[in-house]
Each structure stands twice: as C-alpha cells, then as structure tokens.
Amino acid sequence: MTPEPEDEEGPNEDNTSEIYNTVTSEVHHFSKEEDLDTERGAVLSRFDFVWPDQLKVPAAGQETSVSAPVPDSDGDLQVTRKKDLGTREGCVLIEHKLNCSMEQEHQNATTLDLVGEQVWRGAIFLADFLLNHPHILTDTHILELASGVGLTSIVAAMIAKKVTVTDVDRGDILHLIHRNIKRNPELIKADVEVKEIDFYNHTTIDDLADRMKDVTVILVADVIYHNQLTDAFFSTVLRLMSDPPEKTMYVAMEKRYVFTLEDMDSVAPCYEYFLQKLDWLCCQNLSRVDWTVEQNSTNFKHYFTYERTKHLVLWKIKAKLK
C-alpha cells in the first residue's frame with residue numbers, strides 16, 4: 001500500500017416556503033434552505049459551485065465574477081464565499097434531513113438510521129474532486145455506493161455517460177435520491193438509474209449484473225463510521241472489483257476524532273480501522289487481481305462552497321485483473 005502523502009493545504013416544490021435562511025454549519029456553508037416537511041425535518045438546500053472551464057455550461061447558467069481560492073497567512077486555502085463564485089456559477093438542489101447533527105456533527109449526535117439522509121462534507125469534497133478531474137468520468141459508467149442524498153452522483157452525471165446511484169433500500173432513502181435527481185434536470189446529461197446495493201446482502205449485486213457489466217469507476221463518500229459497516233463495505237468492494245471489467249474506486253472521507261482515556265489523546269479509530277481493511281483488501285484474490293492503493297493529494301481547486309478541512313482524505317483503489 002502506497003504511504004500516505006504529506007497533507008497539502010492548499011425547482012422548488014409548489015408547497016414549499018418562499019423563505020430562505022442562510023446556513024453556516026460544519027457540513028456545508030452559505031447554502032440557502034427552505035423547509036419542505038417540518039415533521040420529517042426535511043429541507044431543500046442549494047449547493048453553489050463554479051463550472052470548470054473545460055465543461056459546457058447549460059444555457060440557463062448565470063454569469064457573475066470569479067475569484068480563485070488563495071492561501072491565507074497560515075498557508076490554508078480560504079473558503080470560497082458565495083460572493084466570490086465565478087463567471088460560470090451553478091447550483092445543485094438537494095433535499096435532505098436537517099437535525100442536530102448538522103450543528104453537532106462532531107458530537108456523535110447522528111443515529112445510524114439518519115446518516116444517509118443528510119449531506120456530509122466528504123460527498124461535497126468528492127464532487128469537488130470530480131469537477132477537477134472530469135476526464136475520470138468522460139464516456140464512463142459510474143457506480144456510486146452508499147450514495148445518501150445523491151449529491152456526488154448528480155455531479156458525476158454532469159460528465160459521465162451512465163451513472164448508477166445505489167444505497168440500501170431503507171426508509172425513504174431511494175425515493176429521496178429520485179426526488180433530488182428530478183430537481184436537477186438541467187445539470188444531468190448521463191443515463192441515471194437508482195438501485196439498491198446492500199453491503200450485507202450481495203444478492204442485491206446479483207440483481208444488477210446486467211446494469212453493471214460496463215462499470216469502470218466506483219465512487220464512495222463518508223461511508224466509514226462504524227467498524228461492522230466497514231467490514232461489510234470492504235466485502236462488497238472485493239466482490240465488485242474482482243469481476244470484470246477492471247475498475248478504479250475513489251473513496252473520500254473525513255477523519256472523525258474522539259478523545260479516549262485509553263490513548264489519552266484524540267484519535268480517529270474508524271479511520272484507523274479503514275486503513276487496516278485497506279491492507280486486508282490488498283491481500284485478497286491475489287491470483288486474480290493486482291491491487292494498487294494510494295492516497296491522493298487534496299490540493300485541488302475549490303469549485304463548491306465549503307470548508308475543506310485538513311481531516312478530509314481521498315483514496316484511490318485500482319484492481320488490475322490477471
């Protein structure tokens with residue numbers, strides 16, 4: 001496994017309210033929100049971005065001024081503010097749940113049943129990476145695992161030929177993804193389908209065999225927050241990447257630190273377990289697969305409006321079939 005590099009800093013619905021409020025949170029900044037369903041805690045947010053120069057802007061694109069992100073006096077990349085967004089401004093409309101975790105993400109306030117219906121920073125980070133590297137998606141079939149509200153897949157669908165958006169069929173999650181795709185028709189150019197993949201039930205993979213026979217890129221964001229789930233995730237990855245065609249997977253996440261008495265320090269145990277499972281993966285199916293694992297630089301341009309913390313990481317896993 002390649003050693004880790006040094007950190008580089010570098011359409012609204014008819015029944016919705018017309019009142020917008022600015023949200024400044026750990027997860028996303030400067031997105032406008034309106035309540036959709038107070039009882040369910042559902043809101044509609046806009047995630048602003050700047051179209052990269054190499055991508056064609058839809059005819060409805062808005063023209064404003066642009067300012068590229070620059071380092072501050074400490075060498076950290078400054079957060080791109082909405083007023084600084086560029087001449088090719090766009091936005092992704094996302095319905096999601098808003099509960100205490102949006103304010104207390106790092107206080108473990110989120111229950112496991114709700115995590116998929118919220119927007120996590122790793123998903124925006126991965127979407128930003130894709131806008132920086134559109135060649136990864138050009139003329140390809142993209143599979144996203146544990147897609148949550150579908151933000152990253154919507155961005156991928158701006159560039160790719162086909163996108164299969166997946167998550168476990170629990171609660172409202174797959175219907176939520178469908179609604180978010182319908183809210184962004186002007187962005188989506190790909191053939192997009194929403195399907196179930198359950199890490200604990202690989203018959204859901206079998207059911208998609210015909211759909212996935214030409215998948216070459218897999219995307220994953222912020223799926224590592226529970227060791228048992230991490231085990232099931234890597235079992236799923238092994239299954240998917242051991243079958244043709246050859247695939248490359250990009251995994252984005254934010255390290256989440258907790259203070260433990262045992263270590264008398266702040267540690268990121270879920271991330272450490274993820275690294276162990278990466279080592280495990282590299283030892284599997286060696287008669288059939290040559291694995292390449294490396295950590296990518298995070299020093300790429302801001303296109304989305306969010307705070308890129310030093311705890312965000314991005315891993316690339318490639319399976320070359322023998």
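## Strands β3 and β4

Strand β3 (42-50) is joined to strand β4 (residues 89-97) by 9 bridges, and the two run antiparallel. Strands here are DSSP runs of E with at least two residues, helices are runs of H or I with at least four, and both are numbered from the N terminus. Two strands count as paired if DSSP finds at least two bridges between them. Within this pair, Asp48 stands opposite Cys91 in β4. Strand β3 is mostly covered, with 8 of its 9 residues buried. The term buried denotes under 20% relative accessible area, exposed denotes over 50%, and partly exposed lies in between (1.4 Å probe, protein chains only).

The model is predicted: local features need pLDDT of at least 70, side-chain atom pairs count only at pLDDT 80 or more, and totals for chains, interfaces and linings use all residues. Residues are numbered from 1 along each chain as its sequence is written, and side-chain values use heavy atoms, leaving out hydrogens and water.

## Helix α1

Helix α1 (residues 121-132) consists of 12 residues and reaches 17 Å from its first C-alpha to its last, close to the 16 Å expected at 1.5 Å a residue. The expected span is 1.5 Å times one less than the number of residues in the helix.

The helix is mostly covered: 12 of its 12 residues are buried. Among them are Arg121, Asp128 and Asn132, as well as Ile124, Phe125 and Leu126. The buried residues of α1 pack against β3 (42-50), α2 (151-156), β8 (215-221), β9 (247-254) and β13 (312-321). Contact means heavy atoms within 4.5 Å.

## The open sheet and its helices

An open sheet of 7 strands has the order β7-β6-β5-β8-β9-β13-β12, and its pairing is mixed. At its edges are β7 (191-196) and β12 (289-295), each of which pairs on one side only. From one strand to the next, the twist averages 20 degrees. Strand β6 (residues 162-167) runs parallel to β7, to which 6 bridges join it. In this pairing, Lys162 stands opposite Asp191 in β7.

Two helices lie across strands of this sheet. Helix α3 (residues 173-182) lies across β6 and β7, and runs at about 170 degrees to β7. Helix α6 (residues 269-281) lies across β9, β12 and β13, running at about 10 degrees to β13. For these angles, axes are lines fitted to C-alpha atoms, for helices over the stretch in contact, and the values run from 0 to 180 degrees between N-to-C directions.

## Loop residues

Asp139 is located in the loop between α1 and β5 (141-145). Its phi is positive, at about 60 degrees, although Asp139 is not a glycine. Asp139 counts as exposed because its relative accessibility is 66%. Ala146 lies in the loop between β5 and α2. Ala146 also has a positive phi, of about 50 degrees, although it is not a glycine.

The loop between α5 (227-241) and β9 contains Pro245. The peptide bond from Pro244 to Pro245 is cis, with omega near 0 degrees. In the loop between β12 and β13 lies Asn296. Asn296 has a relative accessible area of 15% and is therefore buried. Asn296 touches Phe129, Tyr250, Leu314 and Lys316, not counting residues up to four places away in sequence. Phe129 is itself one of the buried residues of α1.
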